[in-house]
Structure formats: structure tokens, C-alpha cells
Amino acid sequence: MDVTVTDLTVARGGLAILAGVNFTLSPGAALVLRGPNGSGKTTLLRTVAGLQPLMAGEISGAEDRIAYAAHADGLKAALSVTENLGFWASVFAGPSIDAALDAFDLRALASRRAGHLSAGQKRRLGLARLMVTGRPVWVLDEPTVSLDAASVAMFATAVRAHLAAGGMALIATHIDLGLEADVLDVTPFRALAMDVQGADEAFL
Amino acid sequence: MSLWEYANPVKFLRLSERVLPWLWGGAAICLVVGLVWGFFFTPDDFRQGSTVKIIYLHVPSALMAINAWFMMLVASLIWIIRRHHVSALAARAAAPVGIVMTLIALVTGAIWGQPMWGTWWAWDPRLTSFLILFLFYLGYVALWEAIEDPDSAADLTAILCLVGTVFAVLSRYAVNFWNQGLHQGASLSLDKEENVADVFYFPLLVCIAGFVFLFLALVLYRTGTEIRVRRTRALIARETRTTDLHAEARDA
Amino acid sequence: MPDLGKYADAVLSAYAASLVLLVGIVALSLWRGRRVRAEMQDVERRSKRDG
Amino acid sequence: MRALLLRDLQLALRAGGGFGLGLAFFLIVVVLVPFSVGPAAALLARIAPGVLWLGALLACLLSLDRLLAVDWEDGALDLLATSPLPLEGVVAIKAVAHWITTGLPLVLVAPVLGVLLNLPVAGYGPLVVSLALGTPALSMIGAFGAALTVGIKRGGLLLSLLVLPLYVPTLIFGAEAARRGAEGLETGTPLLLLAGITGCVLALMPFAAAAVLRVNLR
């Protein structure tokens, strides 16, 4: 089933930031979002993930199918790598954590506490979480922050495997992941002053 | 023409401009007449002496303290169900007025209680309930002040108001259970036998009308202020947005 | 001035405290209302001139 | 759901804070009371049920601001909100975890601290029963408060201001039951009312807390 976004307007702080966004994500496809800082990529992703109400338009096929990953990985420093992963696996009733450990080269760190990992290792653990959710649509906000080249390649491989298995990915990123992906530049969708004014509209 | 038209901020402002002078005037006239009548031209009560004159402040303020919360509850419900901004802002505008009414009721109650009960403060169920109501008001106002995004603040305070109402009512019963109290019964009720004597009754009614007018005037005026704050915010946001776009167009 | 008898202090202080509170909230509301209105008109004038 | 509960308990155990801090606070409050009101045994015996209830309530309050804030700061709350768990369930589980790590230990040590305050023998049973019935409501109401203030920097003080008035009915019935027990009176009515409040709070509060949390997440 496709994820379809139609005429979507998203808002940050009560003000429309992107308007008239359209795209379709089919099984096996990835879409890379580009745009300068503050252009509304994060807001768009959060809206698609259902964390924020949309202002106008429609999102279909996203409900309960999304695995979301943002800047914060939601890791617990006091828990080990396996415990962190295992927790999310059981919350999402997803597959076992072995494949995820292997894909992100976390085997050797399995029993280490998340608090003792380096920034890049933490990030890898955060991304490995996506695999244990068993969800088809990955919505990723700057997934490669603090990853070195080898880890980025590891991540790209994981995404490719996910797509090959019929998954989808919506990724906001600045770097080239070497994926066969469509690119959507969000700059043209920038909401103009005359667009929907958001929460304050009634007061103008 | 439906009442909901006035949920539009601009229409609301226009209406309130027209109504406000009458409300301020009504409040001033009723309060001056009622209080002067009550203070200068009513006899002392044979048991309570001249302290009975406090009734003209205590009863109306206590009534308004509860009515203000009730109004906030209704406004919060309207905001949750129909998302009219004016409604949320009216709830916000009413809270500080409610705080003042509660304070007046508490202070006059304490001053009245001193000669009557021989103590400034008694943990009487009614006084205690008002103290709890006062705390609820404080929390409500503090939550409004603490949250930056106005719509989120409206949502959160509306839910707090709903939950708070349930707990305020529960507290009222709990407090009754906990202490039977020495407060006199209701001063006004439909049962004529229980009412205060007529000499006190009519000036009291005038004072209540005065407090009602004053409350309405204050809430309407303060709601207007809140609307203007939001409008200023909206205008500035639009201005910033337009300037940004102009600058970009120049650069490109 | 009516004869308030031995309760004069109580009655007078109740009236004084209440009036202070009432005048306080009215004054505060009016003061803030004026300021906010002026600020809004300022922004309105600016946005008309520019836009 | 069970995974979340287990994780929260595990975290409370490992991080150490949860269990110890609330208990230590409770102990200190109870120890300070004789210093402030004098050591007369009769007086202490009379105020013991109230002091123990108030101490337990304050100890509960102490750890509330971390109830959701930790998960909020490290992003776990966002992830939980996009997970299959209903947010109502998440909040309820958080409250349960808070009760197990804070409320339950308080219930268990209250009789020990009752000895320090000369609590009459008849009072132990009602004290423990009333605390056991009342503290779950304290945790759940607290979770609502924590959900309200989760996005606010330094929301701890505001949280107390919002939550304490909501604690009034629970405190009144709970302390009343404990007091009546200590005086050898019948405790059925306040205990029933307390149980009623706790039941309603547990049934309805998760919805209010989840609604508030959704607003704060966006």
C-alpha cells in the first residue's frame, strides 16, 4: 500500500511553513527530502509520522505503519544495547533483534550499556531500532548525524535491504546516501504570507 | 444571525466596544447605590451588630468567585468542542477576575469571622472550599503564563479546567465530610423563611447586580485585550514572513 | 457616618480591603488594555504602510 | 505494555534514584516533625496519621517531575507515541511504575515510621490500608500533572502548584481513615470513599493525561 500525501500544509508554532506538498511513496521506494535548515523538513516528517496535526490536506496509508527516528534516539543510558533494542522489539511486537544487531555491527557491543557508547555507536543503535519495529515505512530525520563513512554505508545497506523487502523510506538528509531514491526539494513549497496563516488566521 | 458570529474576534471587538460603556456604567451605578445603601442606610442586625454590612461584599464576591469558574468551564468546553479562539481567551481573561473575587470573599469572610467566631480563620468547610478554589485559580493562571504557544496553552488549560472542576466539586464534598463547620446557611435561597431580612435583602440584590455587571465588563474588556495581543502577534508574524520573502527575492 | 459600634474596625477594614482589590483589578485591566491596544495600533499602522 | 512497565522498573532500579530518594525524604520529614512540634508522646500520637499521610504525599510529589520528563528529553516519548501502544496506556503504565517504585515502598515503611511517632496500635492497620488505597490515585493524578508540564522548562514548581489542589480529596479521605483508625473509630466510610476516588481516578485520568500529552508532543 502506498503512502500518499496530498496538498499537505504543515505548521510550526501555529504558522504554516510548507504548503501544497504532494508525493507518493510506493513499496520499495525511497524519497529523500532536501532543503536548507529551518525549511520545514522536520515539521513535515513529524506530521507524516502523526506526531503533529496537519493544517490542511491529506495523508493516507501512514497510520500505524511508521517507524520514526529523529535527532533523539530515545535510548536509556542505564540499559544495555540488547535491552534497549529488545524493549522496542517487544513494544512494536517486531522481529527478533539479531538481524538488527548484525546489520549495524552491534554484536560486539551487545552487553554494553548505552550510556557508555560513543555518539556514533548510539546513533547506530538508534537506527537499528528501526529494524526491530517491523514497520514498513521508515521516516528518518537526518539519520546520518555523527556517523562515520563506514557507518553511513552500513546504514545505506540496511535501507536498501528494507526497500528490497518491500519497505519504504522517507528521509531528510544533506548527504548522498547512494540510494536509488527520488529527491524532493521542499523549498518551493515554502508557505507564503498569503497562504493559510495557521492558528492566528482568525485574528488577521 | 447566530450567536456564534461573535466568536469572530473582530466582530467580538466591535460588539464589546458598544456594550462595554453600558456595563461599566451599570456596574458603577449598582455598586455605588448598593454599597451606599447598605453601608449608610440599613440597620444593624440584632445578633451580628454592624458586621452584617460585610454581607454586601462577601456574598456577591463569593457568588462571582464560583460563577467565574463556571464561566471558565463553559468557555473551555466551547473551545474544546468548537475551537473558537475568543472562547479560550475569555476563559483566560476571567481567571484573574475570579482570583480577585475569591480573595475578596476570603478576606471579608475572615474579617467577619473574627468578631463572630472569635477567630480570623476557621477551617470551616465553606471557607476551606474557597481556599481550595483559590489554589485552583492560581494553578490555572500559572499554566497559561508558562506555555508559549497560545493554542497549546488554550488546550492544556481547558483540560485542566475540566479536571479541576471535577476535583473542586470532590473537594467540596470531602471538606464537608471532614468538618461540619460553623458557617451560617445560605444567605439567599428560594425558601423565604431562611432568607435574610428584607432590609438587608434589597441592597444586597443591588450589590449582586453590581458585581455581575463589573464581572461582565472586566471579562469583556480583558478578552478584548487578549484578542489584541493575539492580533499583534499574528501581524508581527506575517510581517516577518513577508520581509523574509522580500529579502530572498532580492537575493535571487 | 453611621455608628458602627464596637465592630467599626472589622466593617471598615472589610470595605477597605475589598475596594482596594476591586479598584486594583480594574486599574490593572485598563492599564494593560491601553498598552496592548497602543502596541497593536502601532503594528497595524506599520503593516499598512509597508504592505 | 508489560515491556514498558518492566523497562521503567529496571530503570528505576539501576538509576537508583527512584526507590531510595522518596523513602529517604519520607523518613526525613517524619524525623523532623518531633523537632518542630516537640517530643511529647501524646501529641505525636495524635498527629501521627496526618503527618504520615502528608509525608507520603510529599514524597510522591518529589519524583513526579521526572515521571515523563526523562522520556520527553531523550525522545523516547515521541517514539512511544508512534508505537502501537495507546498513549493512554503509556501514561497509565508510567503511573503504575511510579507507584511501584515510590508509592508501594512508602506504604511498606509507613508502619515503621509510625513507631517513631507513637502511632497507637489500632492505627497501623487503617494507616497501611488507606495508604495502599490512596497512593495509586496520587501517582495517577501526578502523571496527569507531569503530562501537563512536560514541555515546560523548570516545570517542577508549576507541577506542584497544579497537582497539590488535585490531591485534596485523596488526602482528606485517606488521612481521615488513618486518624479514625488511630482513635479506634470506624473507618469504613472514608476507606470506601477513598477507594471510590482511586477507582475513578485510575479509570478516567489516563484519558485526560493522554489528551494533554498529545497537545504537548506536537
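Chains C and D do not touch, and their nearest C-alpha atoms are 23 Å apart. The model is a predicted one. Chains A and C are also not joined by any contact; their closest C-alpha atoms lie 10 Å apart.

**Chain contacts**

Four pairs of chains are in contact, and chains B and C share the most contacts of these. On the B side, 32 residues take part; they meet 25 residues of chain C. Which helices of chain B supply at least two residues each to this side? They are α3 (85-117) and α6 (198-251) of chain B. Helix α6(B) gives the largest share, 13 residues. By class, the side of chain B that touches chain C holds 17 nonpolar, nine polar and six charged residues.

Chains B and D bring two helices together. The crossing of α5(B) and α8(D) is left-handed.

From α5(B), the contact uses Leu160(B), Phe167(B), Leu170(B), Ser171(B), Ala174(B), Val175(B) and Trp178(B). From α8(D), the residues include Leu162(D), Pro165(D), Leu166(D), Ile172(D), Phe173(D) and Glu176(D). What is the make-up of this contact by class? The residues of the contact of α5(B) with α8(D) divide into 13 nonpolar, one polar and one charged.

**The open sheet of chain A**

Chain A has an open sheet of five strands, in the order β5-β6-β7-β3-β8, with parallel pairing. The edge strands are β5 and β8 (182-185) of chain A, each of which pairs on one side only. Neighbouring strands of this sheet are turned by 15° against each other on average, direction ignored.

Ala67(A) stands opposite Trp138(A) in β6(A).

Two helices of chain A lie on these strands. Helix α1 (residues 41-48) of chain A lies across β3 (30-34), β6 and β7 (168-172) of chain A. Helix α5 (residues 149-164) of chain A packs on the sheet and touches β3, β6 and β7 of chain A. Their directions relative to β7(A) are given here.

| Helix of chain A | Residues | Angle to β7(A) |
|---|---|---|
| α1(A) | 41-48 | about 150° |
| α5(A) | 149-164 | about 145° |

**Two positive phi angles**

Two aspartates of chain A deserve a check of the backbone. Asp7(A) is not a glycine, yet has a positive phi of about 45°. Asp7(A) sits in strand β1 (residues 3-12) of chain A. Is Asp7(A) buried or exposed? Asp7(A) has 11 other C-beta atoms within 10 Å, so Asp7(A) is exposed.

Asp64(A) is not a glycine either, and has a positive phi of about 60°. Asp64(A) is found in the loop between β4 (56-60) and β5 (66-69) of chain A. With 10 other C-beta atoms within 10 Å, Asp64(A) is exposed.

Terms used: Residues are numbered from 1 along each chain as its sequence is written. Chains are lettered from A and ligands numbered from 1 in the order in which they are written. This is a predicted model: local features need pLDDT of at least 70, side-chain atom pairs count only at pLDDT 80 or more; totals for chains, interfaces and linings use all residues. Helices (H or I, at least four residues) and strands (E, at least two) are DSSP runs, numbered from the N terminus. A residue is buried if 20 or more other C-beta atoms lie within 10 Å of its own, exposed if 12 or fewer, and partly exposed in between; C-beta atoms are placed from the backbone. Two residues are in contact if their C-beta atoms, placed from the backbone, lie within 7 Å. Ala, Val, Leu, Ile, Met, Phe, Trp, Tyr, Cys and Pro count as nonpolar, Asp, Glu, Lys and Arg as charged, and the others, Gly among them, as polar. A crossing is left-handed if the near helix is turned anticlockwise from the far one by less than a right angle, and right-handed if clockwise. Two strands pair if DSSP finds at least two bridges between them. Axes are lines fitted to C-alpha atoms, for helices over the stretch in contact, and angles run from 0 to 180 degrees between N-to-C directions.
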